[in-house]
Protein chains: 2
Amino acid sequence: MNTDEYFMQKALEEAQLAFEEDEIPVGAIITIDNRIIAKAHNLTERLNDVTAHAEMQAITMAAHYLGGKYLIGCTMYLTLEPCAMCAGALYWSQLSRLVYAAPDTHRGYSVMGGKLHPKTEVVTGILSQEATTLLKQFFQQKRK
Amino acid sequence: MNTDEYFMQKALEEAQLAFEEDEIPVGAIITIDNRIIAKAHNLTERLNDVTAHAEMQAITMAAHYLGGKYLIGCTMYLTLEPCAMCAGALYWSQLSRLVYAAPDTHRGYSVMGGKLHPKTEVVTGILSQEATTLLKQFFQQKRK
């Protein structure tokens, strides 16, 4: 397992926690120098707050840890492509690297017209199958 | 002074508070049935957090007040056009009406490619001059 897979596995564990709490299962990890400085999962239902996406919480946590609001030198591992809101937040954060697992063909920033910071390197497809399976399970269960 | 001007004046008072705290002066008010349920101003510097825009805080506050995460029936009064992050948050909130004062020709959602919810009615230009003057004063002071 390489470094990206290792940290994406941690993000998937966060997504699993969301699943168990009846939240849309999305997890996020932020690292700097291969150390985890933020872990979060979607909490929109529990917090009754559309802004409580995993990414938003992770950005706030990482900035708090770093004592500064820019995430230069940081990597975010994310189980699902960010939405336009989260892409906008990542834009402001100047995140250096974004690794996400599954594409979001309905509400992902790339279909909704959002933008990341021009300096953010993007890698996709790491453990994509696992992230997609978890999301499918969640929505199948919801329809029952 | 009509209703929109009255509430935009309240949003400008919030922007003035931000100005006094050395924050980019943007203020937001959310109303339902012409009652204020949220007041916020930009706190990105104080909270060391790129997500702490006035809009984001106001959305969280209003949802907390309402006990539900959707802002259907609500109006947001905002002194500056929202950025792509805040437009994305407003999209998820399904806000019914957005009234903003000044356009943001650099980082506003309309130039950055962001989207509001298709059901959100947008009104612009209310007390635009006042909002723009406050922003100009802030950046002139910063350059000194």
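Predicted model: local features only at pLDDT ≥ 70, side-chain atom pairs only at ≥ 80, totals over all residues.

A:E55 sits in helix α2 of chain A, which runs over residues 54-66. Is A:E55 buried or exposed? Its relative accessibility is 4%, so A:E55 counts as buried, the cut-off being under 20%. What does A:E55 touch, apart from residues within four places in sequence? The contacts are A:A28, A:M76, A:L78, A:P82, A:C83 and A:C86.

Next is A:M56, also a residue of helix α2 in chain A. A:M56 is buried because its relative accessible area is 4%, and the limit for buried is under 20%. With residues up to four places away left out, A:M56 touches A:T51, A:M85, A:C86 and A:A89 in chain A, and B:T51, B:M56 and B:M85 in chain B. Take A:A89 from that list. A:M56 and A:A89 are separated by 33 residues in sequence, yet their C-alpha atoms are 7.1 Å apart.

Now back to A:M76, one of the contacts of A:E55. Beyond four places in sequence, A:M76 also meets other residues, including A:I29, A:I30, A:A58, A:I59 and A:L90. Which residues have the most contacts inside the largest nonpolar core? They are A:I30, A:M76, B:I30 and B:M76, and that core has 86 residues. In soluble globular proteins, nonpolar side chains tend to be buried together.

That is all from me.

Conventions. Residues numbered from 1 in each chain as written. Chains lettered and ligands numbered in written order. Heavy atoms only, no water. Helix = DSSP H or I, 4+ residues; strand = E, 2+ residues; numbered from the N terminus. Buried < 20%, exposed > 50% of the residue type's maximum accessible area, 1.4 Å probe, protein only. Contact = heavy atoms within 4.5 Å. Core = buried A, V, L, I, M, F, W, Y, C linked by side-chain atoms within 4.5 Å.
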